[in-house]
Amino acid sequence: MKRLLDVLREDFGLTGTKEGCGEGECGACTVLIGGEAVNSCLIPFAQVRDCAVTTIEGLTGAGALQEAFIREGGAQCGICTPGMILAAAALPAGADLDQIRRGLAGNICRCTGYEGIYRSIRGAAQSPSSPE
Amino acid sequence: MRTALSSLSLLEPESLPEALSMLRDAPGVTPLAGGTDLYVSLNFGTLPDTRFLDLSRIGSLRDIRLQKDVVSIGALSTYTDLLRSPLVAERVPILASAAREIGGVQIQNRGTLGGNVANGSPAGDTLPVLAAADAVVVLESARGARRVPFGEFYTGYRQSVRRGDELIVAIEIPAIHGRQWFRKVGTRAAQAISKVVMAAVRSSPPRIALGSVAPTVVRLPLTEASLAASGSIEEARRVLAREIHPIDDLRSTAAYRRRVAENLLAQFWRETS
């Protein structure tokens, strides 16, 4: 019954995945399972047997996204950032602003006001090494 | 996490028959689907249950298919599955509308239709849709299956006719004739629990269901009859205001909910005429 979040952070030492609210509201604990964004605070570890789980540490090919967050001011205090980047990585290629807003509706940031985050994601999509 | 996880146990069946045998032998074990409600309670330390049955490996409960004229939706279908289903889009678009407004993408990817029904929150966003659609809940146990009309499923606040040895395996939605309408009113578009949620069908007579205005989701038979008889929206608004009994709580007030419910009724009637 252990949460995926706790296994990642405590057993594997992968502390890039953050705990915010612990109730599926804030998205700070977002990871990808089979490429789809999920809240790792609500997932029993038993349910990820044989699944591919991607955390911020293992997000390959998303350099453009991470660079864009730095360049465009997409990160401030940083606790929501890993979840934001993973939710962004799960967006369809060429997502428009409306799709980005919907795709990140489950990720809450208390610093940036979101504009920098949306700008980062759109900026990353336009740069040559776009995310997988 | 306020619940001591070491005090909990999890059964992990690989198939539906195995799950049903486990439920027969240990009735009262709590089925666990997407976890999006259950783990919130676990995290708060408010869930009394200690024994759980993980359903995630029962792939057969995730089908969405047409049987004659009935859309049969496996209980483990996620909100994302509902949003991607051409059958749902064509036949029950208001179910997709409800799915789209539940949580964020992360919740939609894990939360299930069967879980929304089983959790039985008065604010469950798919529940007014199922009520207005005259859906049927398919319950299965080791002894066999039975079908319960959705309007007879709940017996009180988070209480239902499901026995401890039964599992919700599917939701069946018969053909709907008439324009469908859905609207959720919450604090913001995403990640908000409904203040009022309405689903309705412009059939004859019309079918109207509301969430967050009573201990369970409700149909409004008096309001439906009023509209069918007179077609006067002003009269129907007055009937509705007497028919529902919302409460003040941390999300809203009874007065606000009654006013919004009336306005939603008027909007439904106007937009489906």
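## Overall size

The radius of gyration used here is taken over C-alpha atoms, and the rule for a globule is 2.2 Å times the number of residues to the power 0.38. For the 132 residues of chain A, that rule puts a compact globule near 14 Å, and chain A has 14 Å, so the two agree. Please keep in mind as you look around that this is a predicted model.

Along the principal axes, the C-alpha atoms of chain A fill a box of roughly 40 × 30 × 25 Å. Of the 132 residues in chain A, 48% are buried.

## Layout of the chain

Chain A holds five helices and three strands.

How do the contacts relate to the sequence? If we take the contacts in chain A between residues at least 6 apart in sequence, 61% of them join residues at least 24 apart.

## Where H2 meets H5

Two packed helices are described by the angle between their axes and the distance between the axes. In chain A, helix H2 (residues 63-71) packs with helix H5 (residues 115-126) at an angle of about 135°, and their axes are 8 Å apart.

On the H2(A) side, the residues involved are Ala64(A), Leu65(A), Ala68(A), Phe69(A) and Arg71(A), and they meet Ser120(A), Gly123(A) and Ala124(A) of H5(A). By type, the residues of this contact between H2(A) and H5(A) are five nonpolar, two polar and one charged.

How values were computed: Residues are numbered from 1 along each chain as its sequence is written. Chains are lettered from A and ligands numbered from 1 in the order in which they are written. This is a predicted model: local features need pLDDT of at least 70, side-chain atom pairs count only at pLDDT 80 or more; totals for chains, interfaces and linings use all residues. Helices (H or I, at least four residues) and strands (E, at least two) are DSSP runs, numbered from the N terminus. A residue is buried if 20 or more other C-beta atoms lie within 10 Å of its own, exposed if 12 or fewer, and partly exposed in between; C-beta atoms are placed from the backbone. Two residues are in contact if their C-beta atoms, placed from the backbone, lie within 7 Å. Axes are lines fitted to C-alpha atoms, for helices over the stretch in contact, and angles run from 0 to 180 degrees between N-to-C directions. Ala, Val, Leu, Ile, Met, Phe, Trp, Tyr, Cys and Pro count as nonpolar, Asp, Glu, Lys and Arg as charged, and the others, Gly among them, as polar.
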